[in-house]
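These are my notebook entries on what I looked up in the structure shown here.

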Amino acid sequence: TVPTTIKPADPKLDPTTPMKSATTYNNFYEFGTGKGDPADSAGMLRTRPWEIAIGGEVAKPMTIGIEDLLKFPMEERIYRLRCVEGWSMVIPWVGFPLAELLKRVEPTGNARYVAFQTLNDPKQMPGLRSWVLDWPYTEGLRLDEAMHPLALLAVGMYGEVLPNQNGAPIRLVVPWKYGFKSIKSIVSISLVKDQPPTAWNKSQPREYGFYSNVNPEVDHPRWSQATERRVGDFSRRKTLPFNGYGEEVASLYAGMDLRKNY
Amino acid sequence: MAAAIHIPDLRAAANAALTSRWAKPAVFMFALIPLIWTVWLAYTGELGAEPVLESVKASGLWALRFLLIALALTPLRMLTGVAGLARFRRMLGLFAFFYAVVHLSTYIGLDQFFDWTAIWQDIVKRPYITVGMGAFMILTTLAATSTGGMVKRLGGKRWRLLHKGVFVAGLAACLHFIMLVKGWQTAPLVYALICIGLLAFRRWPIRLARRKEPAVRTRPAAAPRSAEAPEPRFPDGSSPARRS
């Protein structure tokens, strides 16, 4: 069994979201823009064989198969997930720190950012046929964010193998950022010198910044980010800076204007 | 082999059905189905993980659908020559308003839980909500002036001009939908295209059916106007159903 290493300080305030909600209410536009589309059509995704190509500014580029990724020491972490749309969940992920994988490829001194890419196969992902975003889905982190112990690569949730609609077989979970930063079904990781382009930022740069840290003070241009509705709750609750992980991550952004770097 | 289908017979049958005394109650009941269905799903917990947001979305979508259906009746009547379709314009337009009321109330009462400060900030700060509220104000005005008495009071010309506002409301509703989704999604654009198409039809009408109107009257010409009558006559003798 997998040890639980991180959980909400107050489980009464942050009860775990029912698995059914977390597996039927998803944003995974590769399978359609409806919240139920991923659960309906992600069955088409083949998660074996699966490889992640890791390269760029690294001493030891490699292609690593899912079998080897599953050999990392696993832990369970119960994180809050805050979607940029104003809803949130509490999900028990199973995975290992992204830093552990990055250490293996030995980033060089030139590496300052990490770029991620989702699978881009219209045969398995019907949503890729519509031009909602500039496919493939890409995301990025600054290297120090990526090396932060809270940044997780998840291969499971609720003690089970990650369901396809939640980003199988392996996805990123960055709990202090809006959910879209937590890229799903990763096929490529690249360490780079310059800030990499990211899918939502390319589509609407004013609305989705590169950092996209959860911040109740900085509204999305089209809606307020001050409150959120926890899925299953009736009324809204206040959104916390860095989604409540400020103590752990705020120092990463010391001296930065977070209104500018939204 | 197949029996020949006579278009005029079909048209007459459609007209007979649409002008029967059961047609309006039937359409009325059908128009309530989305509401009953959504309430039922919410009650049984089948509305998904975010029932509040789902009910806001569903009611908004049905408001837009009924608005477009109401706007499609005149083109449909002109295309098919089925005059009876015109009887339902006001009722379906009012259903669009009804679902817009449900949409706004669920947003205010369920989504924001009467947080008036947040709501006011939404209206002034967020263009898609400003646009949506604009559409709602127009629909409210049109609903308030939808009675035969109001046609008389305003005078036909002014009433017709005012009710052209329905297209502004339709376009605003489509814009509201396009603006609120993330990215360029297909569904809102399709609704907008339909709305623009229906507007363009008024400018460049196409007539497939040979003009036989008024081959079938929607009711005897001499019948006095009852409270239920859908087509109040303008002072110039025309009917709002035949215009706009």
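**Positive phi**

I looked up Y158(A) and found it in the loop between β8 (152–157) and β9 (160–161) of chain A. The model is a predicted one, in which local features need pLDDT of at least 70, side-chain atom pairs count only at pLDDT 80 or more, and totals for chains, interfaces and linings use all residues. I number residues from 1 along each chain as its sequence is written, with chains lettered from A and ligands numbered from 1 in the order in which they are written.

The phi of Y158(A) is near 55°, a positive value in a residue other than glycine. I noted as background that most residues other than glycine have a negative phi, and that most peptide bonds are trans. For burial I count other C-beta atoms, placed from the backbone, within 10 Å of a residue's own: 20 or more is buried, 12 or fewer is exposed, and in between is partly exposed. Y158(A) counts as partly exposed because it has 19 C-beta neighbours inside 10 Å.

I then turned to F242(A), which has a positive phi of about 50° although it is not a glycine. F242(A) lies in the loop between β13 (237–238) and α7 (246–249) of chain A. With 21 C-beta neighbours inside 10 Å, F242(A) counts as buried.

**Cis peptide bonds**

I recorded a cis peptide bond between R48(A) and P49(A), with omega about -10°. P49(A) is placed in the loop between α2 (37–41) and β2 (51–56) of chain A. Another cis peptide bond joins W135(A) and P136(A), with omega about 0°. P136(A) is in the loop between β6 (113–118) and β7 (138–142) of chain A.

**Annotated positions**

I consulted the unreviewed UniProt entry, which places the feature "binding site" at positions including T118(A), R171(A), S182(A), I183(A) and K184(A). UniProt positions follow the numbering used here, feature names are shortened, and annotations may be inferred rather than shown by experiment.

R171(A) lies in strand β10 (residues 171–173) of chain A. R171(A) counts as buried because it has 23 C-beta neighbours inside 10 Å. Leaving aside neighbours within four places in sequence, the contacts of R171(A) include A154(A), L162(A), S182(A), I183(A) and K184(A).

I found I183(A) in the loop between β10 and β11 (186–192) of chain A. I183(A) is buried, with 23 other C-beta atoms within 10 Å. Not counting residues up to four places away in sequence, I183(A) touches F116(A), T118(A), Y137(A), E139(A), R171(A) and L172(A).

**Chain B**

I noted that 20 residues of chain A are in contact with 15 residues of chain B.

I next followed helix α10 (residues 186–203) of chain B, which has 18 residues. The buried residues of α10(B) are Y191(B), C195(B) and L198(B). Seen down the axis of α10(B), these buried residues fall within an arc of 60°, so they line one face of the helix; the arc is that of the directions from the helix axis to the C-beta atoms. I found V190(B), L193(B), A200(B) and R203(B) exposed on the other side of α10(B). The buried residues of α10(B) pack against α3 (51–80) and α9 (165–180) of chain B.

Methods:
Helix = DSSP H or I, 4+ residues; strand = E, 2+ residues; numbered from the N terminus. Contact = placed C-beta atoms within 7 Å. Expected span 1.5 Å × (residues − 1).
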